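Please look over the sequence and the structure first.

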Amino acid sequence: MHLFKFDENNRRDRILRMALIVAVSLLTFLVVWWIVTILLDNVNFPTPDRVFEALYNLIVYGDRMGGHSLWEYLATSLATFIEGFLMAIVVAIPLGLLLGYIKPVREFITPWIEVLRPIAPIAWAPIFIISFGSAMGSALVVFVGIVFPLLTSIIFGVQRIDKNWLDASKTLGASQGQIFCKVVLPATVPYILNGMKVGLGIGWMCIVAAEMYKRTGGIGQFLVDAVNNGQMSTAFAIIIVIAVLGILTTGVAEYVSKYVSRRMGLDA
């Protein structure tokens, strides 16, 4: 006999079931973390209670040594992140649609993409930061991290369009411009959103790594300063903040993606 029974067809039960699973999972994670810290007995690997105490102090009092609040660091990182994200959208969406739709152009540009795509975004950090300054350089690192998964997803989406749709549009007398706007672009929207979701997760990793490389006043700099000052509990607390930001960002992107797909009749 099961202690908890859930009806998978009931939305409320599904939410409760997921909430229970998440709660048990996180509790198990904390227990494992606590056991590991006890076994290691290392001052540089703090216990969960010390980390959450540091997190509370971080949220309430901010950086006491630097004289800045947590929200100042987050605002700086968020501004840089948004700048890089917007640049990636401006470049990847039109370029991805063009490459996916016009085969000769795709064949010509693909070698460029395949040469640049495997390079880790953080490898560009010293070049961008020295060449364009700390703020713009960090934004460009975010741009590189987001643009390639977004571009690849869009190209794939255009190529996945049912050829019968295109043939039917031509038969009905639609021009190339009409086909592109009325068929290609709407059919690619779910792939654009999925590429954004993947890119956002990578983008947060890029911004933190770039800020670690050069002092830009963001959350990455705060993390490095905490480690250098031996404030390991604070450093772990900052990592939790970064993780929460990443979860919230990708969670919002996931929600938007599902909502748009449902509205377009593309979600089962």
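Is Thr80 buried or exposed? Thr80 is buried, because its relative accessible area is 9%, and buried means under 20%, exposed over 50% and partly exposed in between, found with a 1.4 Å probe on protein chains only. Thr80 lies in helix H3. Leaving out residues up to four places away in sequence, Thr80 touches Ala135, Ser138, Ala139 and Ile207, where contact means heavy atoms within 4.5 Å.

The model is a predicted one, in which local features need pLDDT of at least 70 and side-chain atom pairs count only at pLDDT 80 or more, while totals for chains, interfaces and linings use all residues. Residues are numbered from 1 along each chain as its sequence is written, and side-chain values use heavy atoms, with hydrogens and water left out.

## Overall picture

The protein has 10 helices and 0 strands. From the N terminus on, the order of elements is α-α-α-α-α-α-α-α-α-α. Helices (H or I, at least four residues) and strands (E, at least two) are DSSP runs, numbered from the N terminus. Along the principal axes, the C-alpha atoms fill a box of roughly 70 × 65 × 30 Å. There are 268 residues, and 37% of them count as buried. Among contacts with a separation of 6 or more, 66% are between residues 24 or more positions apart.

## Helix pairs

Axes are lines fitted to C-alpha atoms, for helices over the stretch in contact, and angles run from 0 to 180 degrees between N-to-C directions.

| Pair | Axis distance | Angle |
|---|---|---|
| H6 and H8 | within 7 Å | roughly 155° |
| H8 and H10 | 9 Å | about 175° |
| H5 and H6 | within 7 Å | roughly 145° |

Helix H6 covers residues 134-159 and helix H8 residues 176-213. H6 and H8 are therefore roughly antiparallel to each other; angles under 35 degrees count as roughly parallel, over 145 as roughly antiparallel, 65 to 115 as roughly perpendicular and the rest as oblique. The crossing of H6 and H8 is right-handed. A crossing is left-handed if the near helix is turned anticlockwise from the far one by less than a right angle, and right-handed if clockwise. The contact of H6 with H8 holds 17 nonpolar, 9 polar and no charged residues. In this scheme Ala, Val, Leu, Ile, Met, Phe, Trp, Tyr, Cys and Pro count as nonpolar, Asp, Glu, Lys and Arg as charged, and the others, Gly among them, as polar.

Ile202 is found in H8 and touches Gly145 and Pro149, not counting residues up to four places away in sequence. At a relative accessible area of 25%, Ile202 is partly exposed. Ile202 and Val144 are 58 residues apart in sequence, with their C-alpha atoms 9.6 Å apart in space.

H8 also packs against H10, with the axes 9 Å apart and at an angle of about 175°. That makes H8 roughly antiparallel to H10. On the H8 side, the residues include Val189, Pro190, Leu193 and Trp204, and those of H10 include Ile242, Leu245, Gly246 and Val260. By class, the contact of H8 with H10 has 11 nonpolar, 6 polar and 2 charged residues.

Helix H5 spans residues 125-132, and its crossing with H6 is right-handed. H5 contributes Ala125, Phe128, Ile129 and Phe132, and residues from H6 include Ser134, Met136, Leu140 and Val144. The contact of H5 with H6 consists of 8 nonpolar, 3 polar and no charged residues.

## Helix H9

Helix H9 (residues 219-228) is mostly covered, with 7 of its 10 residues buried. These are Ile219, Gly220, Gln221, Phe222, Leu223, Asp225 and Ala226. Their cover includes helix H2 (48-61), helix H3 (70-101), H8 and helix H10 (232-263). Asp225 has 17% relative accessibility and so counts as buried. Between the C-alpha atoms of Asp225 and Pro94 there are 40 Å in space, and the two are 131 residues apart in sequence. Just after H9, Gly230 takes a positive phi of about 75°.
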